[in-house]
Amino acid sequence: MPSRRRTLLKVIILGDSGVGKTSLMNQYVNKKFSNQYKATIGADFLTKEVQFEDRLFTLQIWDTAGQERFQSLGVAFYRGADCCVLVYDVNSMKSFENLNNWREEFLIQASPSDPENFPFVVLGNKIDVDGGNSRVVSEKKARAWCASKGNIPYFETSAKEGTNVEEAFQCIAKNALKSGEEEEIYLPDTIDVAASSQQRTGGCEC
Amino acid sequence: MHEIDVHDLSDDADYAASVQQGSASMNRSNSSKQGSSGEQEGAEIVYVKDNVAIHPTQYASERISGRLKLIKQGGSLFMTWIPYKGQSSSARLSEKDKSLYTIRAVPFSDVRSIRRHTPTLGWQYVIVVLSSGLAFPPLYFYNGGVREFLATIKQHAYLVRSADDANVFLVNDFQDPLQRTLSSLELPRAVSVTNSPSSAAAASESPSSWTDGETFDRNSVLAQQNARQRQKHNDPARDLSIQVLEKFSLVTRFARETTSQLFGEAQGDGFITNDRRKHDGKTHDYPRIAESNDAQKLPEDVPVPADPLEFDKLSLVWGKPRQPPLGTEEWSAFLDSEGRVTDSEAVRKRIFYGGVEPDLRKEVWRFLLGYHSYDSTYAEREYLVSVKKSEYETIKNQWKSISKEQAKRFTKFRERRGLIEKDVVRTDRSTSFYEEDDSPNIKCLRDILLTYSFYNFDLGYCQGMSDLLSPILFVMGDESETFWCFVALMERLGPNFNRDQNGMHSQLFALSKLVELLDIPLHNYFEQKDCLNYFFCFRWVLIQFKREFEFEQTMRLWEVLWTHYGSEHLHLYVCVAILKRHRSKIIGEGMDFDTLLKFINELSGHIDLDAILRDAEALCICAGENGESCIPPGTPPSLPVDDASMYYQQDDDDVL
């Protein structure tokens with residue numbers, strides 16, 4: 001029962017200042033990493049074409065300012081989102097603890113039609129730092145939180161080294177597409193992009 | 001809008017009450033009392049108000065006070081505003097300057113509308129717009145009396161409240177019965193649409209208190225004497241002022257007509273419609289091309305674009321060419337022997353048009369930012385610097401002395417420090433000044449921001465501040481000096497970072513109003529695309545275009561903005577200028593909010609600063625007082641409204 005064709009998938013990346021939102025986005029879209037990204041002011045987005053079987057979709061990835069003082073701007077940027085990516089820094093407990101705030105704030109401001117089932121994906125970034133020695137949030141702890149929030153898919157990433165970034169965004173894209181499912185569309189079950197590479201630490205249930 | 005009071009007409013019960021109370025300070029006479037003294041000239045003064053001022057600039061010292069009068073002669077009502085002689089608080093304002101602003105006997109048949117502004121804080125003022133499109137500068141009623149002013153006009157001329165805006169009053173002499181019919185139809189809230197506009201008919205509507213116990217006082221006598229003088233002397237300055245004002249009027253009208261052609265949409269204020277009907281006597285054919293009469297009046301050097309989208313060229317014609325930056329030698333000529341800047345306006349004007357040579361910035365920025373006052377001497381500044389240096393050290397020590405153990409129990413401090421440390425290492429790292437990983441300049445940024453977050457603990461640190469600080473440190477070098485210059489800048493821009501974002505919202509709101517004024521089709525386009533929040537300009541406004549230009553260019557732009565020459569809000573005109581430069585692309589490609597944001601973000605590094613500054617200046621002149629009235633008082637970078645003194649002035653209203 002294929003119906004209207006959906007071409008744009010909107011994804012919002014949220015998380016504390018400096019956890020690597022801009023870097024993750026650039027690593028995924030441009031395959032580049034820089035130490036010198038400036039703090040994001042306001043918002044920006046990058047787009048990437050993704051393919052599911054024979055269909056092309058535009059993934060629109062929104063990068064926002066991380067300071068909570070700018071959250072009131074969210075209303076303008078979050079609307080129409082298909083998936084929300086929550087990022088924290090595995091070397092910062094505070095950034096992990098704030099995931100809950102970011103999630104709730106998003107649900108308030110974006111007010112999706114079905115908040116219970118709105119797709120989130122959590123990324124624990126900067127696993128490369130200091131060979132993992134400065135890590136303060138364990139994978140177990142993070143997964144427990146994700147499980148408690150309705151089995152949010154979880155990935156551990158390094159934007160700097162590109163670890164798991166592709167896998168994470170595949171899952172993100174798939175979830176974004178799925179979230180539009182109720183609205184209308186026919187979609188295939190599998191993602192064609194780099195289908196052979198399985199995520200290493202991924203927990204994408206989709 | 002800040003209006004707190006929507007009553008002001010004579011048919012208003014509230015108004016009647018206020019007259020009864022005698023709370024107003026109006027000096028007024030009615031026709032029976034005035035008759036004899038007015039007969040000599042056939043002119044009758046029906047309203048006199050002292051201490052009505054115009055503010056040519058934002059500086060209190062440059063305000064011009066004068067006397068506002070309504071004069072009736074031969075069945076027509078005239079308005080005059082004559083500045084007081086020899087009372088100027090500023091030596092810089094010559095009598096010639098004052099003459100330029102003098103309003104000499106404007107007949108109300110030439111007046112299109114009066115817009116009333118009643119700020120919650122500050123003085124009430126009115127803006128009188130002529131049917132030519134010219135607006136006189138706002139007239140500030142220091143002693144109150146706006147309500148009486150309007151009531152008096154209503155008594156002697158045809159005045160109705162606009163259906164679209166309760167603070168706009170449409171004036172019309174209604175010689176054309178067709179117009180009268182049309183206007184009464186268009187203005188459902190208009191009161192007492194009479195068939196006769198005569199003063200007799202108008203007077204019958206006024207409350208009985210109108211004729212009660214008003215005495216003809218000394219001021220009115222003086223006013224009459226002035227009126228006689230006015231008629232005896234043919235002041236050569238009059239021609240000059242008309243010339244200048246007409247130039248503005250042409251620009252404004254030109255802009256309006258050009259923009260309203262596009263899409264065939266009329267502005268929603270109802271004026272245009274009336275205007276056009278008046279000019280061509282037709283009611284059915286708008287939207288239409290600009291009147292050919294008007295086109296003929298345009299100076300030859302202004303092209304009349306066939307395509308309204310070429311409106312941009314107007315600004316290229318009007319914006320003045322940029323000058324070379326202010327150099328050391330020229331700067332020293334502005335200083336007297338003790339180091340005072342003798343003519344700060346001339347300095348600001350000079351910098352507005354040319355900026356400052358890099359080597360001189362260290363000295364000049366302190367004045368522009370307000371850290372040093374222009375009238376300070378070398379010695380005073382030297383002293384201030386030393387005092388401020390130790391004050392800085394004191395504040396810095398407040399956080400320096402926090403031990404590790406203390407910090408463990410001081411979450412707020414750790415969070416701030418963490419946020420600052422994250423941001424300083426990603427601020428302008430491509431500039432050689434901040435390039436090295438262990439650059440002492442990065443540490444200095446950190447120390448200053450942390451100190452500032454203690455100096456202004458309520459505001460704290462917010463992303464964007466490091467962008468604002470970085471060029472200042474680059475220029476000033478010295479840590480303490482940089483700190484105090486930053487403090488001065490934040491006095492104006494601090495509200496950008498308020499938690500409730502009110503500073504940003506007021507600027508984006510003003511921006512939307514300016515676009516509405518200067519490019520209504522673009523405004524309509526944004527409205528249609530649900531883009532009127534102007535969030536796509538957020539980064540521009542928050543950090544003063546810091547991310548849009550190269551480091552050196554940013555500094556040039558900032559010093560121009562900081563002169564506050566022409567407008568404190570030039571940055572908003574810069575926004576309008578950039579948007580207008582790209583309007584055809586924006587509209588032509590049908591950009592929605594997302595695409596627009598992306599497009600705006602990607603303009604970074606591709607904006608021609610000099611061209612945009614020229615456009616912005618031209619737009620600022622085009623907008624004139626109408627532009628300034630789009631910007632609510634206290635909108636950054638204006639200093640916060642001084643509550644105490646404003647309240648005091650408001651109180652005066654009732655006491656006098």
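**Close-up views of a two-chain predicted model**

**View 1. Where chain A meets chain B.** Here 17 residues of chain A are in contact with 21 residues of chain B (in contact: C-beta atoms, placed from the backbone, lie within 7 Å). On chain A's side, strand β2 (residues 43-52) of chain A gives the largest share, three residues (strands are DSSP runs of E, at least two residues, and helices runs of H or I, at least four, numbered from the N terminus). That side of chain A divides into eight nonpolar, six polar and three charged residues (nonpolar: Ala, Val, Leu, Ile, Met, Phe, Trp, Tyr, Cys and Pro; charged: Asp, Glu, Lys and Arg; polar: the others, Gly among them). The predictor gives the complex an ipTM of 0.87 and a pTM of 0.64.

This is a predicted model, where local features need pLDDT of at least 70, side-chain atom pairs count only at pLDDT 80 or more, and totals for chains, interfaces and linings use all residues. Residues are numbered from 1 along each chain as its sequence is written, with chains lettered from A and ligands numbered from 1 in the order in which they are written.

**View 2. Two helices crossing in chain B.** The axes (lines fitted to C-alpha atoms over the stretch in contact, with angles from 0 to 180 degrees between N-to-C directions) of helix α18 (residues 440-455) of chain B and helix α20 (residues 479-493) of chain B come within 10 Å and cross at roughly 50°. That makes α18(B) oblique to α20(B) (roughly parallel is under 35 degrees, roughly antiparallel over 145, roughly perpendicular 65 to 115, and oblique the rest). Among the residues that meet are Cys444(B) and Tyr455(B) in α18(B), and Glu479(B) and Phe486(B) in α20(B). The residues of this contact divide into seven nonpolar, two polar and two charged.

**View 3. Confidence along chain B.** Chain B averages a pLDDT of 75 (the predictor's confidence in each residue, from 0 to 100). Over residues 1-40 of chain B, pLDDT stays under 50.

Key. Contact = placed C-beta atoms within 7 Å.
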